[in-house]
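Dear colleague,

Please find below the structure that I am handing over to you, together with its sequence.

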Amino acid sequence: EGKNTIAVVMFQDTGSSSDCLMGLQIKASDTLVLKAPDRINVSFYGDTKTTKAITWISDGNGEESLVQYVDASTVSDIEGFDWSTANAVKATRSGGAEVTNKAIINDLKIGTKYYFRAGGDDTFSAVGAFETAGEDDGSFSFLHVTDQQGSSEADFTNWAKNIAGAIDTFPQTSFIVDTGDFVNDGLNEDEWKYCYNLVADTLMN
């Protein structure tokens with residue numbers, strides 16, 4: 001909105017030089033294209049029988065952030081499911097060009113599987129699934145991983161294969177504890193994207 005100014009300064013040795021050129025093109029669209037949410041993480045928050053926390057990263061262009069979820073036992077075909085009928089909880093947002101989104105889902109059923117997706121403004125993640133803890137003796141199994149510390153897509157492709165293989169070997173795993181290091185350069189966004197997104201099929205299910 002409002003007035004926009006583009007300023008250009010050129011420096012030449014002589015005013016008569018003939019090799020001074022400038023090219024400028026501006027493209028505008030009345031349709032805002034939002035990137036799909038990524039770096040999605042499902043974790044504990046409070047009572048593991050009734051509560052889940054979901055975080056993700058989105059671009060700063062959207063106006064809403066939410067998680068939609070539904071009891072899996074009520075859905076016969078998740079691919080054809082009408083998400084407008086699902087439960088929804090709003091997320092808190094922080095950030096600028098990239099936004100960190102945090103949603104807490106409360107009052108879930110004990111020992112129940114749910115389908116979910118995260119996003120907003122009609123732009124959502126792929127469908128994932130989580131299950132709340134049940135009424136049992138309190139025993140559980142978890143997977144401990146550490147020091148993947150990759151720096152390239154190839155590194156984290158191998159990491160994703162290792163995680164998927166570990167879950168296949170120990171299907172009773174309830175959750176994963178990762179004690180790091182996660183990436184080689186904590187300020188490199190691409191490394192974080194590889195770290196989470198390449199293993200998303202496992203972490204979201």
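This is a predicted model: local features need pLDDT of at least 70, side-chain atom pairs count only at pLDDT 80 or more; totals for chains, interfaces and linings use all residues.

Aromatic pairs

A pair of aromatic rings is described by the distance of the centres and the angle of the planes. The structure contains nine such pairs. In one of them, Phe-140 and Phe-175 have their ring centres 5.4 Å apart and an angle of 45° between the planes, which is a tilted arrangement. This pair links distant parts of the chain, as its two residues are 35 residues apart. Phe-140 belongs to the loop between β9 (128-131) and β10 (142-145), and Phe-175 to strand β11 (residues 175-178). Phe-140 has a relative accessible area of 53%, and because exposed means over 50%, Phe-140 is classed as exposed. Ring pairs also join Phe-140 and Phe-175 with Phe-44 and Phe-142 in a cluster.

Another pair is formed by Phe-182 and Trp-192. Their ring centres are 6.0 Å apart and their planes stand at 35°, so this pair too is tilted. Phe-182 is placed in the loop between β11 and α2 (189-197), whereas Trp-192 is part of helix α2, so the pair ties together parts that are ten residues apart in sequence. Both residues are partly exposed: Phe-182 has a relative accessibility of 27%, and Trp-192 has one of 24%.

The two helices α1 and α2

Helix α1 (residues 153-169) and helix α2 have axes that come within 8 Å and cross at roughly 20°. Because angles under 35 degrees count as roughly parallel, α1 is described as roughly parallel to α2. The crossing is right-handed. On the α1 side the contact is made by Glu-153, Phe-156 and Trp-159, and on the α2 side by Glu-191, Tyr-194 and Cys-195.

Is Trp-83 buried or exposed? With a relative accessibility of 8%, Trp-83 counts as buried. Trp-83 is located in the loop between β3 (66-71) and β4 (87-90). Leaving aside neighbours within four places in sequence, the residues in contact with Trp-83 include Gln-68, Tyr-69, Val-70, Phe-116 and Arg-117. Trp-83 and Arg-117 are 34 residues apart in sequence, and their C-alpha atoms are 9.1 Å apart in space. Arg-117 also has its charged end over the ring of Phe-124, 4.0 Å from the ring centre.

Backbone features

Most residues other than glycine have a negative phi, and most peptide bonds are trans. Asp-147, although not a glycine, has a positive phi of about 60°. Gln-149, which is not a glycine either, has a positive phi of about 35°. Asp-147 is in the loop between β10 and α1, and Gln-149 is found in the loop between β10 and α1 as well. Both count as partly exposed, Asp-147 at 44% relative accessibility and Gln-149 at 31%.

Not counting residues up to four places away in sequence, Asp-147 touches Gly-180 and Asp-181. The peptide bond from Gly-180 to Asp-181 is cis, with omega near 0°. Asp-181 is situated in the loop between β11 and α2. Asp-147 and Asp-137, by contrast, are ten residues apart in sequence and 32 Å apart in space, from C-alpha to C-alpha.

With kind regards

How values were computed: Residues are numbered from 1 along each chain as its sequence is written. Side-chain values use heavy atoms; hydrogens and water are left out. Rings of Phe, Tyr and Trp (its six-membered ring) pair if their centres lie within 6.5 Å; planes under 30 degrees apart count as stacked, over 60 as edge-to-face and the rest as tilted. Helices (H or I, at least four residues) and strands (E, at least two) are DSSP runs, numbered from the N terminus. Buried means under 20% relative accessible area, exposed over 50%, partly exposed in between (1.4 Å probe, protein chains only). A charge sits over a ring if NZ of Lys or CZ of Arg is within 6 Å of the ring centre and within 35 degrees of the ring normal. Axes are lines fitted to C-alpha atoms, for helices over the stretch in contact, and angles run from 0 to 180 degrees between N-to-C directions. Angles under 35 degrees count as roughly parallel, over 145 as roughly antiparallel, 65 to 115 as roughly perpendicular and the rest as oblique. A crossing is left-handed if the near helix is turned anticlockwise from the far one by less than a right angle, and right-handed if clockwise. Contact means heavy atoms within 4.5 Å.
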